[in-house]
Amino acid sequence: MAVNNNSCEIRPDDSVKLIEEGDKQNEREIEASLDQQQPRRQINDRRLKPPPLPQQQDQKKSCFVAVTIALSILAVIVLGALAAAGVAIHKSNVLNQAQMTDLGQVLRDQLRLELQAQFHTVYTRWGNSTCPPTEGTSTLYKGLMAGHHTKPSNQITDYNGGTNFQCLPQENVEYALPSSPGIQGNNTIYGAEYRTSINPDSNLHNIPCAVCLVNGRTVTKMIPARTTCPSNLRREFYGYLMAQDRDYSTYECVDLGMEIVPGTARQEGVAVLVHVEASCNGLPCHPYIEGKELTCVICSI
């Protein structure tokens, strides 16, 4: 509807437009009213929403506790597994070390056997009829200590004889080579006796000896004034340093036990063995002590 200005006439198409504009205006007013009411509804919804029940709160707490316990148990299981793995690794390392140690011992034993087959040394144990029970040591033979005659204190003329002592075999003496009967005025060797106050039971008795073979060793050495060997050497035996009385002789290391030859006693005209004592005449009185009997040790390497 349209209106004619001159005659105030309303046309049909103009009325349709007015109705449409009125509808749109109403829609805008309704939307604005809804927009104003929406915050109030939200506030009212929050006010009307009931608070959580105690049972629901307990369920939440229970769930939290259950989860915490489960995590704790899981942590314990993981730590236990790691500890078990560590123990297993440690045991494996220990076993490997033990196996390596066993292998090293086998190799050392084989090397020792090879050395024993290739190298050896020999020494005499004075004052004992057997060799010490050290590894690789055996007795070649046992015998009697002998040397040249010890001259009496009033004797000026020297007796013929060597200066060193010999370990004469105690049995199975062999005279296979040709000899002449009787005394030919040659050197004579005599049995040796102790002259000692340190071991009265051995005093004035003949002295035994043993010749010892040591496999796997190359050298033996007598060290005077010692009873122990250096760290890289092995002690075979130790005792007292002794030599022949009132005459020239070698210094010998006599076993500490001073074993005797059974059935012997003091005799005249024998090789007399006495202790060797230190003198401050030429030796420092520290560590040496004037008149004190010296010790000795036999070491092997």
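Let's start at a single residue of this predicted model: Glu193, which has a relative accessibility of 0% and therefore counts as buried. Its side chain meets that of Arg195 in a salt bridge, with N and O 2.9 Å apart. Arg195, for its part, is partly exposed, at a relative accessible area of 21%.

With that pair in view, step back to the whole chain. It contains 2 helices and 10 strands, and their order from the N terminus is α-α-β-β-β-β-β-β-β-β-β-β. Of its 301 residues, 24% are buried. The accessible surface comes to about 21300 Å², and carbon and sulfur atoms contribute 56% of that. Among contacts with a separation of 6 or more, 71% join residues 24 or more positions apart.

Now look along helix H2, which covers residues 54-118 and includes Leu82. Leu82 is exposed, since its relative accessible area is 57%. Together with Val67, Leu71, Leu74, Val78 and Leu79, Leu82 makes a nonpolar surface patch of about 590 Å².

Let's return to the charged residues. Side chains of opposite charge can pair when their charged atoms come close. The structure has 3 salt bridges. One of them joins Asp255 to Arg125, whose closest N and O atoms are 2.9 Å apart. Asp255 belongs to strand S8 (residues 252-255) and Arg125 to strand S1 (residues 120-126), so this pair ties together parts that are 130 residues apart in sequence. Both partners, Asp255 and Arg125, are buried. Another salt bridge brings together the side chains of Arg234 and Glu236, at 3.0 Å from N to O. Arg234 and Glu236 are likewise both buried.

Where does Arg217 sit? You will find Arg217 in the loop between strand S5 (208-215) and strand S6 (220-224). Arg217 is buried but has no salt bridge.

What, then, surrounds Arg217? A polar atom of the Arg217 side chain lies 3.2 Å from the backbone oxygen of Ser300. Setting aside neighbours within four places in sequence, Arg217 is in contact with Phe119, His120, Thr121, Arg234, Ser300 and Ile301.

Definitions and conventions. Residues numbered from 1 in each chain as written. Predicted model: local features only at pLDDT ≥ 70, side-chain atom pairs only at ≥ 80, totals over all residues. Heavy atoms only, no water. Helix = DSSP H or I, 4+ residues; strand = E, 2+ residues; numbered from the N terminus. Buried < 20%, exposed > 50% of the residue type's maximum accessible area, 1.4 Å probe, protein only. Lys, Arg positive; Asp, Glu negative; His and termini not counted. Salt bridge = Lys/Arg side-chain N within 4 Å of Asp/Glu carboxyl O. Polar contact = N/O pair within 3.5 Å; in protein donor to acceptor, adjacent residues only side chain to side chain. Contact = heavy atoms within 4.5 Å. Patch = residues over 30% accessible without salt bridge, like charges linked within 9 Å, V, L, I, M, F, W, Y side chains within 5 Å. Areas by Shrake-Rupley, 256 points an atom, 1.4 Å probe, with all protein chains shown as cover.
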